[in-house]
Amino acid sequence: MRLFARLLDGLAAMEHVTLYGQAARRAPTAFFTVAGHSPGKVAGHLAARRVNVWNGDNYAWELAGVLGLRDSGGAVRAGLVHYNDQAEVDRLLTAVAELA
């Protein structure tokens, strides 16, 4: 959860990023958009920097509609698992910062 906090705090500090969801108890998954970039473009940019994420409605079609994200391609979803490390989170944050 410390690693996930690093991810969320890093994304939240970026003015060009909008985070969705603030549940007190949650899986270590961030759902976000980057101003001026489609979720597909963000995912492609991250993939070029060896960061794997998902983009689209992520099987939350109704939620994407309620959030007003459906017509713009949804959002980016980045999740952490037990084998992720700080360097990988930092690489994701650096790549997202490049899109400012």
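Guide: The model shown here is a predicted one. His16 has a relative accessibility of 14%, which lies under the 20% limit, and therefore the residue counts as buried. Its place is the loop that runs between helix H1 (2–12) and strand S1 (17–20). If neighbours within four places in sequence are set aside, His16 is in contact with Thr33, Val34 and Ala35, and also with Val96, Ala97, Leu99 and Ala100. Of these partners, Ala97 and Val96 fall within the residue range of helix H4 (86–97).

With a relative accessibility of 86%, Tyr59 is over the 50% limit and so counts as exposed. From Thr18 it is separated by 41 residues in sequence and, C-alpha to C-alpha, by 19 Å in space.

A further loop, between strand S4 (75–79) and helix H4 (86–97), contains Asn84. The side chain of Asn84 comes to 2.7 Å from the backbone nitrogen of Val81. With the side chain of Glu88, the side chain of Asn84 forms a polar contact of 3.1 Å. Apart from residues up to four places away in sequence, Asn84 touches Leu3 and Gly79.

These loops may now be placed in the whole chain. The protein has four helices and four strands, and their order from the N terminus is α-β-β-α-β-α-β-α. Among the contacts between residues at least 6 apart in sequence, 61% join residues at least 24 apart. Buried residues, of which His16 is one, account for 37% of the 100 residues.

As to overall dimensions, the C-alpha trace spans about 35 × 30 × 25 Å along its principal axes. The radius of gyration is 13 Å, and this agrees with a compact globule, because a globule of 100 residues would have a value near 13 Å. The accessible surface amounts to about 6,200 Å², and carbon and sulfur atoms contribute 52% of that area.

How values were computed:
Residues numbered from 1 in each chain as written. Predicted model: local features only at pLDDT ≥ 70, side-chain atom pairs only at ≥ 80, totals over all residues. Heavy atoms only, no water. Helix = DSSP H or I, 4+ residues; strand = E, 2+ residues; numbered from the N terminus. Rg over C-alpha atoms; globule rule 2.2 N^0.38 Å. Buried < 20%, exposed > 50% of the residue type's maximum accessible area, 1.4 Å probe, protein only. Contact = heavy atoms within 4.5 Å. Areas by Shrake-Rupley, 256 points an atom, 1.4 Å probe, with all protein chains shown as cover. Polar contact = N/O pair within 3.5 Å; in protein donor to acceptor, adjacent residues only side chain to side chain.
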